[in-house]
Amino acid sequence: MSKFTVNGKAQNFTGDPETPLLWYLRDIVGMTGTKFGCGRALCGACTVHVDGTAVRSCQIQVGDIDGQAVITIEGLSADGNHPVQKAWRELNVAQCGYCQTGQIMQAASLLKDTPKPTDQQILDAMSGNICRCGTYPRIRDAIKRASGKA
Amino acid sequence: MTNIIKVANVARRSVLLGLAAGSFVLSVRLSSPALAQEKKFGGDGMPGGLKDDPRLFLSIAEDGTVTLLCIRAEMGQGIRTSFGMVVADELEADLGRVKVLQAPGDQTRFGNQDTDGSRSMRHHFEPLRRIAAAARQMLEQEAAARWSVPVTEVKAENNGIVHAGSGRRLDFGALAKGAAARPVPAQDKLVFKGPSQFRYIGKDNVPLIDNMDITTGKAMFGIDARVEGMAYAVVARPPVFGGKVKSFDAAKAMKVPGVLKVVAIDPPTPPVVFQPLGGVAVIAENTFAAIKGRSQLEIQWDDGPNASYDSVEYRKTLEAAAAKPGKVARNDGDVDAALASAAKRVSAEYYVPHLAQAPMEPPSATARVTAQGCEVWCSVQNTEAVRTDLSKRFNVPIDKVIVHALLLGGGFGRKSKPDFASEAAICSHAMGGRPVKLTFTREDDLQHSFFHTVSVERVEAGVDANGKAVAWLHRTVAPSIFALFMPDPKHEAPLELAMGAVDNPFAIPNLRVENPEAAAHTRVGWFRSVSNIPHAFAIHSFVAELAASVGRDPKDYLLELIGPPRLIDAGAMSDAWLYGEDPKRYPFDTGRLRAVVEKAAAEAGWGRKLEQGRGLGIAAHRSFVSYTAVVTEVAVGPRGELTIPRVDIAFDCGAVVNPDRVRSQLEGAAIQGISLATLGEISFKNGRVVQTNFDGYELTRIDGAPTEIRTHLVNTTAFDKPLGGVGEPGVPPVAPALANAIFAACGKRIRSLPIRDQLAGKV
């Protein structure tokens with residue numbers, strides 16, 4: 001059995017310990033804000049925070065996070081007003097929106113560690129997250145807008 | 001798991017809400033009284049046509065909330081927001097009180113819902129205004145009747161009706177029920193706002209209606225559907241198109257915890273259309289168990305007739321075909337004579353490989369199939385294609401196939417072909433009616449797409465002693481999408497040829513377009529902007545090559561080729577398609593093409609002095625009846641490192657409803673165009689797709705994107721003219737503008753996509 005928390009809520013999972021956190025969240029808990037994109041940590045759509053670090057939930061087995069705290073997009077802020085979320089809305093960043101929860105989780109992690117990132121630091125931190133619609137210029141601008149506020 | 005997804009009750013809720021309340025029979029009118037035998041264009045020419053009865057689409061609740069049923073798929077183009085803007089404006093509603101719900105699939109009731117071809121706003125701007133104007137006038141009539149004043153003395157304002165003389169005001173909510181019982185005004189009695197009165201249409205930076213849901217993870221995409229009691233499935237499909245299962249052993253798969261059932265899916269019977277490819281489905285208690293179960297299947301495949309499909313060999317086949325004359329698609333003047341007498345002849349050959357649309361949300365659908373009918377939750381561009389397939393497949397009347405339209409996590413053409421919804425339904429049927437969610441893994445998506453065609457384009461021109469082009473011969477060779485629908489035609493269809501090949505506006509008296517044969521060995525399907533990609537890449541790379549060969553500036557030479565401003569009839573270019581539009585309404589306006597070239601060049605500072613290793617490239621293309629010009633600036637480093645400091649895009653789609661979303665589409669088009677030009681390639685070996693995931697099929701990431709994308713919208717208030725498309729026309733000129741910039745920067749001519757490492761060591 002694996003015991004951990006998701007957005008502060010205790011989880012006791014007794015199923016296949018190899019189950020990736022991604023599918024645990026989506027299929028078993030029913031929290032669909034974390035997205036499936038590639039299953040191989042190549043696109044970042046499934047990004048969540050585990051003990052404060054941005055990780056690809058498709059690569060985290062539920063059996064390996066005993067005692068750890070998972071934060072998903074649903075738990076990033078109580079009211080959806082994390083500075084990154086606000087900046088995303090102010091600049092109408094999203095097109096289809098599918099990758100954006102992963103982008104936001106990655107950006108929030110970046111700004112937590114580096115409150116005022118340079119352009120190069122933004123590119124480095126965000127280059128693991130693919131957006132097929134091509135919202136990258138607005139993602140960069142939204143991160144700059146949120147910088148110093150997160 | 002108790003939360004049935006929100007959208008499950010869309011149809012019922014919309015009827016409960018308001019204008020559509022009551023028991024009156026819904027009237028159905030065509031938007032124009034065209035005779036049956038008359039050729040129809042635009043939205044009227046689409047299957048199901050256009051509907052503009054407000055009672056089908058609008059409801060107003062007692063609290064004044066206006067609900068619009070959106071009949072186009074939302075896939076990132078922002079159509080839910082833009083449709084809301086149009087309706088709120090013409091209705092005089094408060095956009096903040098407008099809710100947009102996705103209509104379920106029902107072409108008979110709602111008219112055409114196929115979200116494809118950059119048609120949504122182009123076809124629906126006018127019907128939406130008719131819908132909203134009719135509703136506004138019904139509300140005005142109701143208010144006037146209540147107050148016993150002439151209707152001319154009342155007007156709609158800020159979600160209510162006011163009577164200026166007495167200062168009285170009633171909110172839409174208070175009037176909705178009475179207004180709904182009034183007759184819908186005839187089309188010729190509708191009064192529309194003038195552009196100067198618009199409050200939302202044409203205004204910039206309107207917030208996206210789905211912003212909050214998207215940024216908090218609440219937005220429901222097709223893959224997010226959750227239906228009580230559902231199981232989860234993945235399918236092992238034949239690795240070669242046209243192959244089938246010889247035999248399989250499911251014993252090991254069935255031992256995986258959570259696996260419920262293993263089911264064989266029949267191969268498609270020709271024509272394949274959008275049918276599933278066949279194979280073996282594994283149905284389980286969750287997606288991971290299904291994937292794990294699938295890895296334990298033992299399957300012997302019969303690879304079928306395409307087992308030797310090999311992209312390296314096939315390219316040689318296409319090149320050999322391009323070396324010889326082919327079926328003539330357009331023939332002006334005497335190209336052979338003009339080439340023979342030309343002072344100089346220049347030719348070049350270009351290659352664009354297969355591509356996969358690869359939307360970030362892989363294909364996924366949830367279905368429940370019972371004796372009573374089918375219900376599907378999915379993100380598809382064409383709900384009616386799902387209904388048609390399932391109705392036939394399970395022999396149920398089409399009105400018993402309910403398709404709930406969820407948000408698309410990208411479409412790009414892939415989700416026009418709903419094979420995944422059929423697979424979900426097959427699985428549910430096999431489970432005795434238990435709902436099943438079917439998901440493509442990324443590997444499934446890249447290996448079993450409907451791939452963008454692969455093409456060789458050969459262009460030859462003759463110039464006179466002054467460097468002026470006098471002859472143009474374009475041979476385009478590519479397998480056709482229509483191999484999906486009929487025995488392989490081996491020639492591009494009129495629709496494909498009319499995406500940039502025959503509808504070439506150049507003022508060259510001798511111009512011929514030929515289309516030699518090419519056979520399809522995989523599923524070829526449409527990808528954002530379709531055949532315009534290879535056609536524009538060849539034509540506009542060649543324009544710059546030709547300019548260089550006669551020592552001219554590429555922008556000036558492009559303008560000379562386009563020639564003076566004039567209107568060209570589609571028929572005069574042997575364009576039998578014109579994106580389904582009326583040739584009289586949509587002549588090729590070379591003045592507009594010139595204008596975007598000049599705008600992009602001016603904004604980009606064409607001709608400015610650049611550092612060593614930098615260059616500017618230009619290309620301009622009309623597609624989806626809109627005009628786009630791109631100027632790209634590149635920097636090529638000493639080891640061939642390519643960076644893109646800036647892209648300027650000038651765009652004329654006619655009047656612009658939602659400038660922010662037009663800009664975002666152009667920004668996205670620039671990046672998708674750069675992605676396909678620099679990295680995109682799907683290749684085949686032994687009939688199988690070589691690439692498996694985003695490591696092999698690379699997409700442009702934030703560090704490969706242009707530092708700056710500047711969009712320049714022109715002609716944005718031409719509300720007296722028909723609208724052009726937006727979603728696709730940004731893409732075609734991007735690749736040639738990039739290739740031309742690279743040539744300008746370092747002298748290396750890119751004729752084969754993707755660019756990848758072609759610049760390494762060549763500089």
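This is a predicted model: local features need pLDDT of at least 70, side-chain atom pairs count only at pLDDT 80 or more; totals for chains, interfaces and linings use all residues.

Reader: How many residues does the contact take from chain A and from chain B?

Author: Chain A contributes 46 residues to the contact, and chain B contributes 51 residues.

Reader: Which elements give two or more residues to the side of chain A that touches chain B?

Author: They are helices of chain A: H1 (21-29), H2 (83-90), H3 (100-113), H4 (119-126) and H5 (136-146). H5(A) gives the most, with four residues.

Reader: And what is that side of chain A by class?

Author: The side of chain A that touches chain B has 22 nonpolar, 17 polar and seven charged residues.

Reader: Turning to the sheet, in what order do the five strands of chain A come?

Author: The order is E2-E1-E5-E3-E4 in chain A, in an open sheet with mixed pairing. Strand E2 (9-13) and strand E4 (53-56) of chain A are the edge strands, each pairing on one side only. On average, neighbouring strands of this sheet are turned by 35 degrees against each other, direction ignored.

Reader: Which helix packs on the sheet?

Author: H3(A) does, touching strand E3 (47-50) and E4 of chain A. The direction of H3(A) makes about 40 degrees with that of E3(A).

Reader: Do E1 and E5 of chain A run parallel or antiparallel?

Author: Strand E1 (residues 2-6) and strand E5 (residues 69-71) of chain A run parallel, joined by two bridges. Val6(A) stands opposite Val70(A) in E5(A).

Definitions and conventions. Residues are numbered from 1 along each chain as its sequence is written. Chains are lettered from A and ligands numbered from 1 in the order in which they are written. Two residues are in contact if their C-beta atoms, placed from the backbone, lie within 7 Å. Ala, Val, Leu, Ile, Met, Phe, Trp, Tyr, Cys and Pro count as nonpolar, Asp, Glu, Lys and Arg as charged, and the others, Gly among them, as polar. Two strands pair if DSSP finds at least two bridges between them. Axes are lines fitted to C-alpha atoms, for helices over the stretch in contact, and angles run from 0 to 180 degrees between N-to-C directions.
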